[in-house]
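This briefing concerns one protein chain and is written for a reader who is new to structural description. Please study the sequence and the structure shown here before reading the points that follow.

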Amino acid sequence: MIAQVRLVWRDALALVFALSDRRTPAGPKIAAAIALVYAVFPIDLLPDVVPLLGLSDDFLVVPTILALAARTLPAPVLGDAQRKS
């Protein structure tokens with residue numbers, strides 16, 4: 001369990017480093033901003049008052065958008081970010 005948390009934390013930190021790199025194109029930066037806004041903004045695809053489904057969309061949408069942002073990063077930027085993390 002702890003090893004999985006460390007891997008997720010390392011990947012999240014690498015994504016932060018990659019997004020702060022000036023070589024990163026605008027697409028991944030915009031996708032990460034959308035994920036952050038979706039996580040913080042009170043309007044969701046499924047309202048939080050719906051039992052179980054209301055919170056599950058937050059746990060599915062945000063990581064999916066962040067994963068897509070990470071996949072569109074240039075390889076050198078991602079490699080440098082992973083080494084930093």
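Thr-24 touches Ala-18, Leu-19, Lys-29, Leu-73 and Val-77, when residues up to four places away in sequence are not counted; contact means heavy atoms within 4.5 Å. The model is predicted: local features need pLDDT of at least 70 and side-chain atom pairs count only at pLDDT 80 or more, while totals for chains, interfaces and linings use all residues. Residues are numbered from 1 along each chain as its sequence is written, and side-chain values use heavy atoms, with hydrogens and water left out.

**The loop between H1 and H2**

- Thr-24 is found in the loop between H1 and H2; helices (H or I, at least four residues) and strands (E, at least two) are DSSP runs, numbered from the N terminus.
- Thr-24 counts as buried, at 6% relative accessibility. The term buried means under 20% relative accessible area, exposed means over 50%, and partly exposed lies in between (1.4 Å probe, protein chains only).
- A polar atom of the Thr-24 side chain lies 2.3 Å from the backbone oxygen of Ala-18.
- Asp-21 also has its place in the loop between H1 and H2, and Asp-21 is buried, with a relative accessible area of 15%.
- Leaving aside neighbours within four places in sequence, Asp-21 is in contact with Lys-29 and Val-77.
- The side chains of Asp-21 and Arg-23 are joined by a polar contact of 2.9 Å. A polar contact is a pair of N or O atoms within 3.5 Å; within protein, one must be able to donate a hydrogen and the other to accept it, and residues adjacent in sequence count only if both atoms are side-chain atoms.

**Salt bridges**

- Side chains of opposite charge can pair when their charged atoms come close.
- A salt bridge is a side-chain nitrogen of Lys or Arg within 4 Å of a carboxyl oxygen of Asp or Glu, and by this rule the count comes to four salt bridges.
- Asp-80 and Arg-23 meet through their side chains in a salt bridge (2.6 Å, N to O). This pair links distant parts of the chain, 57 residues apart: Asp-80 is in helix H4 (residues 75-84), and Arg-23 is in the loop between helix H1 (2-19) and H2.
- Asp-80 counts as partly exposed at 26% relative accessibility, and Arg-23 is partly exposed with a relative accessible area of 42%.
- Arg-83 forms a salt bridge with Asp-80, and the closest N and O atoms are 2.4 Å apart. Both residues of this pair, Arg-83 and Asp-80, lie in helix H4, three residues apart, about one turn of the helix.
- Arg-83 counts as exposed, at 63% relative accessibility.
- A network of salt bridges links Asp-21, Arg-23, Asp-80 and Arg-83.
- The side chains of Arg-10 and Asp-11 also meet in a salt bridge (3.2 Å, N to O). Arg-10 is partly exposed, with a relative accessible area of 37%, and Asp-11 is partly exposed, with a relative accessible area of 40%.

**Packing of H2 and H3**

- The axes of helix H2 (residues 26-40) and helix H3 (residues 53-71) come within 8 Å and cross at roughly 170 degrees. Axes are lines fitted to C-alpha atoms, for helices over the stretch in contact, and angles run from 0 to 180 degrees between N-to-C directions.
- H2 and H3 are therefore roughly antiparallel to each other, a term used for angles over 145 degrees.
- Pro-28, Ala-31, Ala-32, Ile-34, Ala-35, Tyr-38 and Ala-39 in H2 meet Asp-57, Asp-58, Val-61, Val-62, Ile-65, Leu-66 and Ala-69 in H3.
- By class, this contact of H2 with H3 has 12 nonpolar, no polar and two charged residues. Ala, Val, Leu, Ile, Met, Phe, Trp, Tyr, Cys and Pro count as nonpolar, Asp, Glu, Lys and Arg as charged, and the others, Gly among them, as polar.

**Two further positions**

- Ile-43 has its place in the loop between H2 and H3, and Ile-43 is exposed, with a relative accessible area of 58%.
- Ala-67 lies in helix H3 and counts as partly exposed at 37% relative accessibility.

**The chain as a whole**

- The protein chain has four helices and zero strands.
- Of the 85 residues of the protein chain, 26% count as buried.

Terms used: Angles under 35 degrees count as roughly parallel, over 145 as roughly antiparallel, 65 to 115 as roughly perpendicular and the rest as oblique.
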